Amino acid sequence: MLIETARLRKEYGELVAVQDLDLSVTEGEVFGFLGPNGAGKTTTVKMLLGLVKPSGGLASVLGRPPGTPEAMRRIGFLPEHFRFPPWLTARDFLDMHARLYGMTAEARRERIPALLDRVGLGGRGRSKLGEYSKGMQQRVGLAQALLNRPALVFLDEPTSGLDPVGRYEVREIIRELRGEGVTVFLNSHYLSEVEVTCDRVAIVKGGRLMRVGTLAELTQGANEVEIEARGLDGETLAGLARWGEVTADAETPVGTRKVTLQMTGDDALPQIAAYVVGRGAQLYALTPQRPSLEELFMRVMAEERA
Ligand SMILES: Nc1ncnc2c1ncn2[C@@H]1O[C@H](COP(=O)(O)OP(=O)(O)OP(=O)(O)O)[C@@H](O)[C@H]1O
Ligand SMILES: [Mg+2]
């Protein structure tokens with residue numbers, strides 16, 4: 001386990017920001033940490049970095065207590081609200097951080113321009129940070145988080161303020177990191193982005209862990225299938241009742257019919273396909289429906305408690 005917490009807790013006076021959190025993140029995975037505003041995501045990350053002292057519970061990061069120098073050397077961090085010294089150029093800013101990591105002059109000369117390219121700021125390294133747009137600053141922050149070739153990267157809202165191209169590029173960077181075996185802990189509000197980048201996700205609410213698992217695990221159980229066919233008559237439709245209930249039925253502009261079937265049993269797809277074709281209809285698609293991460297998230301938000 002790269003990250004492990006047991007009953008990790010943070011209280012601010014009366015307010016419980018993180019409640020008895022049990023989490024484990026394995027090496028090489030991209031782990032999405034989701035929740036509404038104020039759910040305790042940033043507080044959790046800060047505890048894992050040793051920046052905030054827990055009120056209770058245990059945490060280990062890279063096999064050590066949070067914040068130890070040995071662990072920090074192998075960790076990258078993009079904070080949620082990065083304050084950039086406006087008078088520094090991006091190059092100087094990265095150089096300063098690289099010196100803090102103890103990188104040699106040679107390593108810095110090679111690494112900094114490469115990273116600026118990687119975050120899409122290749123031509124702008126000599127501009128002052130104060131003249132950067134919000135999205136450009138966010139990109140510098142990301143470059144900073146990757147300076148020391150970390151084994152574990154915490155990204156707290158890495159795409160906030162980025163345009164669609166920037167978001168796409170950050171997703172690509174996360175994919176590359178995964179390819180290099182880097183573990184990524186990602187706080188994000190963009191569910192579609194989490195859906196495509198994360199191996200596993202956790203959903204927190206009010207400091208409590210509500211769900212954790214792979215997307216497939218979390219969104220299974222809908223047991224709904226969409227059937228698109230031409231020549232589906234009323235009798236055929238009625239016959240579908242043996243597998244479940246038809247919950248939607250519509251003609252499409254191309255003259256096919258799309259029917260949604262809420263199935264009662266498991267794994268009836270081959271029988272349904274054979275039945276539809278056997279009735280003389282032309283089957284165009286048989287598509288199992290899964291709830292999106294957004295639907296799951298909304299459902300969890302509507303629940304009273306875990
Ligand atoms: N230093 C602090 N002092 C008092 N309360 C705090 C402090 N830091 C965070 N909190 C409270 O803890 C709760 C969790 O905050 P946190 O920043 O962890 O949320 P978050 O999930 O990161 O939210 P967001 O999505 O808005 O970034 C909030 O109610 C917040 O007001
Ligand atoms: Mg936050």
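Predicted model: local features only at pLDDT ≥ 70, side-chain atom pairs only at ≥ 80, totals over all residues.

**Strands, helices and domains**

User: How many bridges join β10 to β12?
Analyst: Six bridges join β10 (residues 224-230) to β12 (residues 257-263), and these strands run antiparallel.

User: And in what order do the strands of that sheet come?
Analyst: The order is β11-β12-β10-β13, in an open sheet of four strands with antiparallel pairing. β11 (244-251) and β13 (282-289) each have a single partner strand, so one side of each lacks a neighbour in the sheet. The twist averages 20 degrees from one strand to the next; such angles run from 0 to 180 degrees between N-to-C directions, and axes are lines fitted to C-alpha atoms, for helices over the stretch in contact.

User: Which helix packs on it?
Analyst: Helix α10 (residues 269-278) does, touching β10 and β13, and its direction makes about 160 degrees with that of β13. Contact here requires that the C-beta atoms of two residues, placed from the backbone, lie within 7 Å.

User: Where do the domain bounds fall?
Analyst: Domain 1 covers 3-218 and domain 2 covers 224-289. These bounds come from an automatic or database domain assignment. The C-alpha centres of the two domains lie 45 Å apart.

User: Turning to the other sheet, what is its strand order?
Analyst: Six strands form an open sheet in the order β5-β6-β7-β3-β8-β9, with mixed pairing. The edges are β5 (75-78) and β9 (208-214); each has a single partner strand, so one side of each is left without a neighbour in the sheet. With direction ignored, neighbouring strands are turned by 15 degrees against each other on average.

User: Do β6 and β7 pair in the parallel or antiparallel sense?
Analyst: β6 (residues 152-156) and β7 (residues 183-187) pair in the parallel sense over five bridges. Phe154 has Phe185 in β7 as its bridge partner. Helix α6 (residues 164-179) packs on this sheet, touching β3 (30-34), β6 and β7, and its direction makes about 150 degrees with that of β7. α5 lies across β5 and β6 and runs at about 170 degrees to β5.

User: At what angle do α3 and α5 pack?
Analyst: α3 (residues 90-100) and α5 (residues 134-146) pack at about 25 degrees, with their axes 10 Å apart. That makes α3 roughly parallel to α5, as angles under 35 degrees count as roughly parallel, over 145 as roughly antiparallel, 65 to 115 as roughly perpendicular and the rest as oblique. The contact is made by Ala90, Phe93, Leu94 and His97 of α3 and Val140, Ala143 and Gln144 of α5.

User: What about α3 and α4?
Analyst: The axes of α3 and α4 (residues 105-118) come within 10 Å and cross at roughly 130 degrees, which makes α3 oblique to α4. Ala90, Arg91, Leu94, Asp95 and Ala98 in α3 meet Arg108, Arg111, Ile112, Leu115 and Leu116 in α4.

User: Finally, what happens at the hairpin of β1 and β2?
Analyst: Two residues lie between the strands, and Gly13 takes a positive phi near 60 degrees. Seven bridges join β1 (residues 3-12) to β2 (residues 15-25), which run antiparallel, and Tyr12 stands opposite Leu15 in β2.

Conventions. Residues numbered from 1 in each chain as written. Chains lettered and ligands numbered in written order. Pairing = 2+ DSSP bridges.
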